[in-house]
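This report describes a single protein chain for a reader who has its sequence and structure at hand. Please look at the structure first and then follow the text residue by residue.

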Amino acid sequence: MTLILVHSPKGGVGSTFITAQLAIGLAQRGQEVAAIDCTYQDSLKLHFGLRPSHQLANVGGDESRALVASGVALMNGHALSRTGRTDDEPPEIDQALFPEARVTIVDVAAGDHNLKDRLMPFATLHVCVLLPTPASLSVLPRIEVGTPAVSLPKTVFVLNQIDERLRLSRHTQKFVRELFHGALIGTVRRDEAVNEALAMFEPIPRFAPASVVLSDLTTLIDAVESRCGLAVDVPELVGSE
């Protein structure tokens, strides 16, 4: 089982975009992928070119009804956040929602620490999405109260919406890189084409194939593949030129 949690600290944004692009990228590389929207904006589907009127099947229900877009099965996970698991129910109830042969990526709402804490024992990777702003960095001590952000197990960091023309953005990138070292697995530049693609209900690779974010996302997907043990080495043909 490969379970990836994508989460922004309270006050942050950007986890939905990263969730969608990770799902699309891994599906393009041959993985069976499902993406579950556990946020309250219900906007994950927009990054796949779907419209707000499209209804997603609930996770844990009849998954044969799940909408598939860009090779990714999309599901609504609001019930996970609303109901939760009672104290007398075994944790395997949550684990059963994530099939062994599938890569499942869950977009956890900012501030929904209860759901994150419930799913972390089963997670292969926790991707924490930060912005190059003081507000985003100020919540680092609250990602896991009592544990320094640099010491969190399974947790890696992505810095989203970098604008290298801005001094604060450049300095933030330098600070985060020096703080987390190898745990910073990706930086994604800001591009207005992302919002324009959403407005046109098109995935960013189709709407803006020359967008600067696409090369950043390729690097990020490479890192996630490696961390999760999903990368497949293609053997060289003996005697090939």
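Does Arg102 count as buried or exposed? The model is a predicted one, and in it Arg102 has a relative accessibility of 6%, so the residue counts as buried, the cut-off for that class being under 20%.

**The chain as a whole**

The protein chain contains 9 helices and 9 strands. It has 241 residues, of which 51% count as buried. Among the contacts with a separation of 6 or more, 74% are made by residues 24 or more positions apart.

**Arg102 and its surroundings**

Arg102 is found in the loop between α3 (92–95) and β6 (103–108). Its side chain is joined to the side chain of Thr104 by a polar contact of 3.2 Å. When residues up to four places away in sequence are not counted, Arg102 touches Thr2, Glu32, Val33, Ala34, Glu63, Met75 and Leu97.

**The nonpolar cores**

The largest nonpolar core has 42 residues. Within this core, the members that touch the most other members are Ile4, Ile18, Phe48, Ile105 and Ile204. For Ile4, the contacts beyond its neighbours within four places in sequence are Leu26, Val103, Thr104, Ile105, Val106, Leu125, Val127, Val224 and Cys228. There is also a second, separate core of 19 residues, and Leu5, Cys38, Ala66 and Leu115 are included in it.

**Two crossing helices**

How do the axes of helix α1 and helix α9 cross? Helix α1 covers residues 15–28 and helix α9 covers residues 212–228; their axes come within 10 Å and cross at roughly 70°. Because angles of 65 to 115 degrees fall in that class, α1 is roughly perpendicular to α9. On the side of α1, the contact is formed by Phe17, Ile18, Gln21, Leu22, Gly25 and Leu26. On the side of α9, Val213, Leu217, Leu220, Ile221, Val224 and Glu225 take part. Sorted by class, the contact of α1 with α9 comprises 9 nonpolar, 2 polar and 1 charged residues.

Leu130 belongs to strand β7 (residues 125–130). Its relative accessible area is 0%, so Leu130 is buried. Apart from neighbours within four places in sequence, Leu130 is in contact with Pro9, Ser136, Leu137, Leu140, Phe157, Val158, Leu159, Asn160 and Phe180.

How far apart are Leu130 and Gln161 in sequence and in space? They are separated by 31 residues in sequence and by 8.8 Å in space, taken from C-alpha to C-alpha. Gln161 lies in strand β8 (residues 155–162). With a relative accessibility of 30%, Gln161 counts as partly exposed, because this value lies between the cut-offs of 20% and 50%.

**Residues with a positive phi**

Gln161 is not a glycine, yet it has a positive phi of about 65°. His181 likewise has a positive phi, of about 50°, although it is not a glycine. The place of His181 is the loop between α6 (167–180) and β9 (184–189). His181 is exposed, because its relative accessible area of 57% is over 50%.

| Residue | Relative accessible area | Class |
|---|---|---|
| Leu130 | 0% | buried |
| Arg102 | 6% | buried |
| Gln161 | 30% | partly exposed |
| His181 | 57% | exposed |

Note on methods
Residues numbered from 1 in each chain as written. Predicted model: local features only at pLDDT ≥ 70, side-chain atom pairs only at ≥ 80, totals over all residues. Heavy atoms only, no water. Helix = DSSP H or I, 4+ residues; strand = E, 2+ residues; numbered from the N terminus. Buried < 20%, exposed > 50% of the residue type's maximum accessible area, 1.4 Å probe, protein only. Polar contact = N/O pair within 3.5 Å; in protein donor to acceptor, adjacent residues only side chain to side chain. Contact = heavy atoms within 4.5 Å. Core = buried A, V, L, I, M, F, W, Y, C linked by side-chain atoms within 4.5 Å. Axes fitted to C-alpha atoms, helices over the stretch in contact; angles between N-to-C directions. Parallel < 35°, antiparallel > 145°, perpendicular 65-115°, else oblique. Nonpolar A, V, L, I, M, F, W, Y, C, P; charged D, E, K, R; others polar.
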